[in-house]
There are 2 protein chains.
Amino acid sequence: MFTIGHFSKVTGLTVKTLRFYHEKGLLPPAAIDRESGYRYYDQGSLERARVIIALRGFEFSLEEIAEILARSSDEEDILDHLEKQKLVIAEKISRQKDLAATIDRILSTEREARTARLRSDGFQPEIKKIDAQLLAGIRVCGEYSEAGRVFGTLGRRLGRHIVGKALCLYYDGEYRESDANFEPCMPVRKAVEVEGITMHELPGQHCVTLMHSGPYEELGRSYEKVFDFAQSNKVEIELPTREVYFKGPGMIFKGNPQKYLTEIQLPIG
Amino acid sequence: MFTIGHFSKVTGLTVKTLRFYHEKGLLPPAAIDRESGYRYYDQGSLERARVIIALRGFEFSLEEIAEILARSSDEEDILDHLEKQKLVIAEKISRQKDLAATIDRILSTEREARTARLRSDGFQPEIKKIDAQLLAGIRVCGEYSEAGRVFGTLGRRLGRHIVGKALCLYYDGEYRESDANFEPCMPVRKAVEVEGITMHELPGQHCVTLMHSGPYEELGRSYEKVFDFAQSNKVEIELPTREVYFKGPGMIFKGNPQKYLTEIQLPIG
DNA sequence: CTTGACCCTCCACCTGCTGGAGGGTCTATC
DNA sequence: GATAGACCCTCCAGCAGGTGGAGGGTCAAG
C-alpha cells in the first residue's frame, strides 16, 4: 500500500492530479481510511495509473480514457480508438505544417523586403531576366480594389504550397476603373488542384523593371517612368504586365502604405 | 457603426467572444451607449479584429496578441514573435509525428498478431530465412525480468525511429536465473545516435523458428520443441538466439499473457 | 402599443489541472 | 507523553479561451 505522496513518486503524477483523478472516478484509491480520509493505493492502482499515463500520452481526453478503461484491457480492443486518434493527430500535423510554412513565408518576404529597401536610395528602371515560374491564380474581371480579397482567398486555399511573393498579371494594356482584366497569383512549387484556382506556367522573359516605393495610388508615377524608359530603349512591351509585391498589406497587418514596395515588370519581346 | 450582432457577422467572431475580448481589453468597442450599455463597433475595430483573428490563427495567446497590438503595426515589427512561434510549432509537429508513428506501429503490430493467431491451430517448428535488420539495443547483464523496463526505455528514446516488432537477443546458450546476458532491441530504419543505445546490424540468416503462444513462463516447452527439431534435423545453433515479440505486454495495456505470441528464432550455420 | 429580434449583465461550466488557506494525522525524537 | 515536522485532508479560486443560460432591458416595425 502506498500513501498518496509515495504513489505520486512512483507514478510521476502529482498529488493534486491523483486527487483530481479520484474525484473524476478515473483512478480511485484502493482504500480510504474512514477516520482520516487518507487515500491508499496498491499494485492494481499502479497498473491502472500506467495505462492512464500512456493513453494521456496519446492525447486521449480523460473522458475517453475512462471509457477505454471501462471496456478494454488490451491494445487489440482499442484499435478503433487508436485509428481515430491517428486521424486527429494527422489533422493537427497538417494544420501545423501549414502554419509553419506560412510563417516561414512571411519571415522570408519581410527579410527580402528589408534588404530591398536598403538600396532604396533611388530605384532606377532596368532590364533583367525574370525566370519562369509556376503560378496559381484567380482571373478577375472588375475593379483593382478586389485584388486584396482575392489574394486573401489564394492564401487561404493554397496554404503551404505557396513558395514566393504575391504577384498580379494585368491583361489590359492600360489602367481601367472598371472591367479591368487581371489575375492575382501566387507562385507554387508544383501544380495543385484547388477548386476555382487555375495553374499556369509564366515563361522566363526579359522585362523592364522598376521598384516602386510607396502607396499603390502613386504607382502611376512609376509606370510613367518605366514606360518612358522602355520607349527610349525602343523595346516593345508584351501583355500581361506584372506587379510583384515585395511588401504590401500583410497577412496580419495592413502596414504603412508609405513602406510598400512593388516591382513593376513589363515583359519585352 | 455596427451593433455587436452585425459586427459578429462581419468578423466571424461570436457575440460572446466579442464581449469576452472587450472584457479582456483586447478589442474594445468604438462606442458604448451610456444608457443601454449597447456596444458599437466601427471600421477601426474591424481592422483590429482582423489582426486578432490572424494572430490567433498563428496560435498566439490572447496575452501575446494584446502585447503585439500594443507595440506593432506591421509584420516587420513582429518578426521575432513569429520566429519564436515557428519554434513552438516545429516542436509540436515533431511531437505529433512521434505520436503518429507510435500509433501506427501499435496498429500494424496488432494487426499482424491477429493474422498470425489465425493460423494458430498449431504452430510447428520450421526453418526459414530471416532478413538482415538494423537494430538499436541495450545490452543487459542481469535477470530476464529487467527486459520490460529496458524495452520501455528503448521505446521512449527511439520514438518514431522504430520500424518493427521488439525482439531480444540472448547471448547465453542456456537459461539463467541471474547474470543473464541479453539485449532487448528495436528494429530501426537507419542509425540513430542516442545515448546508451548501441546500433548493430543483425545479418540475414536461416533460423529454426517456432511461434510460441501463451505466457513467457511456458516458453520452456516451446524451446524444448524447437531444440528437438534442430537436433533431429542435424543443424548447429549459433548465438545469439532471438525472440521476436509478435504480441506481448503493450505500450498501453499489459494484456492477457495467454494471448502473447512470441517467435523463437535459433540461427543456424 | 405590442411583438420579436436584439442587447445587456452575471453566473456557471468546459478540460486538466495548479495553488493556497486552514486544519487534521502520522511518526520520530526528546 | 509532548512536540516538531512531514504528510494528509477538504474546500475554494484561478489559468486559457471561451460557451451556455437566466433574467431582464432596448429597439424598430407594424
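The model is predicted: local features need pLDDT of at least 70, side-chain atom pairs count only at pLDDT 80 or more, and totals for chains, interfaces and linings use all residues. Residues are numbered from 1 along each chain as its sequence is written, chains are lettered from A in the order in which they are written, and side-chain values use heavy atoms, with hydrogens and water left out.

**Interface of chain B and chain A**

- Chain B and chain A each bring 45 residues to the contact, where contact means heavy atoms within 4.5 Å.
- About 4,400 Å² is buried between the two chains, and carbon and sulfur atoms give 65% of it; buried area is the accessible area (1.4 Å probe) that two parts lose on being put together, summed over both.
- B:Glu75, B:Ile252 and B:Phe253 supply 18% of the area that chain B buries against chain A, more than any other three residues.
- The interface holds 13 salt bridges, each a side-chain nitrogen of Lys or Arg within 4 Å of a carboxyl oxygen of Asp or Glu.
- One salt bridge joins the side chains of A:Lys86 and B:Asp104, at 2.8 Å from N to O.
- On the side of chain B that touches chain A, helix H3 (43–57) and helix H5 (79–118) of chain B each supply at least two residues; helices (H or I, at least four residues) and strands (E, at least two) are DSSP runs, numbered from the N terminus.
- H5(B) gives the most to this side, with 22 residues.
- This side of chain B divides into 18 nonpolar, nine polar and 18 charged residues; Ala, Val, Leu, Ile, Met, Phe, Trp, Tyr, Cys and Pro count as nonpolar, Asp, Glu, Lys and Arg as charged, and the others, Gly among them, as polar.

**Helix pair in chain A**

- Helix H1 (residues 4–11) and helix H2 (residues 15–23) of chain A have axes that come within 9 Å and cross at roughly 105°; axes are lines fitted to C-alpha atoms, for helices over the stretch in contact, and angles run from 0 to 180 degrees between N-to-C directions.
- H1(A) and H2(A) are therefore roughly perpendicular to each other (65 to 115 degrees).
- A:Ile4, A:Gly5, A:Phe7 and A:Ser8 of H1(A) meet A:Val15, A:Leu18 and A:Arg19 of H2(A) in this contact.

**Backbone features**

- Most residues other than glycine have a negative phi, and most peptide bonds are trans.
- The peptide bond from A:Leu239 to A:Pro240 is cis, with omega near -5°, and A:Pro240 lies in the loop between helix H7 (219–232) and strand E11 (241–247) of chain A.
- In chain B, the bond from B:Leu239 to B:Pro240 is cis, with omega near -5°.
- A:Lys234, not a glycine, has a positive phi of about 55° and lies in the loop between H7 and E11 of chain A.

Methods:
Angles under 35 degrees count as roughly parallel, over 145 as roughly antiparallel, 65 to 115 as roughly perpendicular and the rest as oblique.
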